[in-house]
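Please read the points below with the sequence and the model side by side. They move from the overall layout to single residues.

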Amino acid sequence: QRTKCMLCQFLSFYYPQTFDIPCRHSFSTVKPLNRFSVVHVSAGKNHSGIIDSFGYLYMFGCNKFGQLGVGDFKPRPGVCRVAGVLVGQRVEKLACGDEFTVVATNENHIYSWGNGESGRLGGEFIDQGIGP
């Protein structure tokens, strides 16, 4: 049986219904991202993203609501490059939220996708979650 850290012991005592999800409390290199020249990082509740020096957007983590922007809701095991309408544009800003993502491009276009509940995508969209 794995020994739990103090934080995990505390959380499991006060929140016994939570799952035993492995966590890290020390720094480590995210090896799949070493190949990119990263200029921006954003971490959401259960997904994250980076922008590289070319302005390409790469996402990883949970895709339950399409927050990775890859055009579907399927689980993705690794890092995914987001294309679609972003092809030919440089992504300059990135924000990963609670099951949604927002980006701004060099052409001053703002794109959002993922869980649009409560208007967090900036409006009400029929095709929410499918990505740019």
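1. Helices (H or I, at least four residues) and strands (E, at least two) are taken here as DSSP runs, numbered from the N terminus. With these terms in hand, the place of Asn108 can be given as the loop between S6 and S7. The structure is a predicted model, in which local features need pLDDT of at least 70 and side-chain atom pairs count only at pLDDT 80 or more, while totals for chains, interfaces and linings use all residues. Residues are numbered from 1 along each chain as its sequence is written, and side-chain values use heavy atoms, with hydrogens and water left out.

2. The protein has one helix and seven strands, and, read from the N terminus on, its elements follow the order α-β-β-β-β-β-β-β. Of its 132 residues, 31% count as buried, where buried means under 20% relative accessible area, exposed means over 50%, and partly exposed lies in between (1.4 Å probe, protein chains only).

3. Which order do the strands of the open sheet take? Four strands form this sheet in the order S1-S2-S3-S4, with antiparallel pairing, and two strands are said to pair if DSSP finds at least two bridges between them. Strand S1 (38-43) and strand S4 (80-82) stand at the edges with a single partner strand each, so one side of each is left without a neighbour in the sheet. Neighbouring strands of this sheet are turned by 25° against each other on average, direction ignored; the axes behind this angle are lines fitted to C-alpha atoms, for helices over the stretch in contact, and angles run from 0 to 180 degrees between N-to-C directions.

4. Within this sheet, S1 and strand S2 (residues 47-52) pair in the antiparallel sense over five bridges, and Val41 stands opposite Ile50 in S2. As background, strands of a sheet pair through backbone hydrogen bonds, either parallel or antiparallel.

5. The largest nonpolar core has eleven residues, namely Ile51, Leu57, Met59, Leu68, Val82, Leu86, Val91, Leu94, Cys96, Val103 and Trp113. Strand S3 (57-61) and strand S5 (91-96) each supply at least two residues of this core, and the largest share, three residues, comes from S5. A nonpolar core is a set of buried Ala, Val, Leu, Ile, Met, Phe, Trp, Tyr and Cys residues joined through side-chain atoms within 4.5 Å.

6. Across the protein, residues 24 or more positions apart account for 35% of the contacts with a separation of 6 or more.

7. How many salt bridges does the protein have? The count comes to three, when a salt bridge is a side-chain nitrogen of Lys or Arg within 4 Å of a carboxyl oxygen of Asp or Glu. One of them joins the side chains of Arg76 and Asp72 (2.3 Å, N to O); Arg76 is partly exposed at 29% relative accessible area, whereas Asp72 is buried at 17%.

8. Another salt bridge joins Arg120 and Asp98 (4.0 Å, N to O). Arg120 lies in the segment after strand S7 (110-114) and Asp98 in the loop between S5 and strand S6 (100-105), so the pair ties together parts that are 22 residues apart in sequence. The side chains of Glu117 and Arg120 also meet in a salt bridge (3.3 Å, N to O), and salt bridges that share partners join Asp98, Glu117 and Arg120 into one network.

9. S6 and S7 run antiparallel and are joined by five bridges, with Phe100 opposite Gly114 in S7. These strands form a hairpin with four residues between them, and Asn108 in the turn has a positive phi of about 60°. Asn108 counts as exposed at 65% relative accessibility.

10. Ser118, in the segment after S7, likewise has a positive phi of about 60° although it is not a glycine, and Ser118 counts as exposed at 74% relative accessibility. Most residues other than glycine have a negative phi.

Key. Contact means heavy atoms within 4.5 Å.
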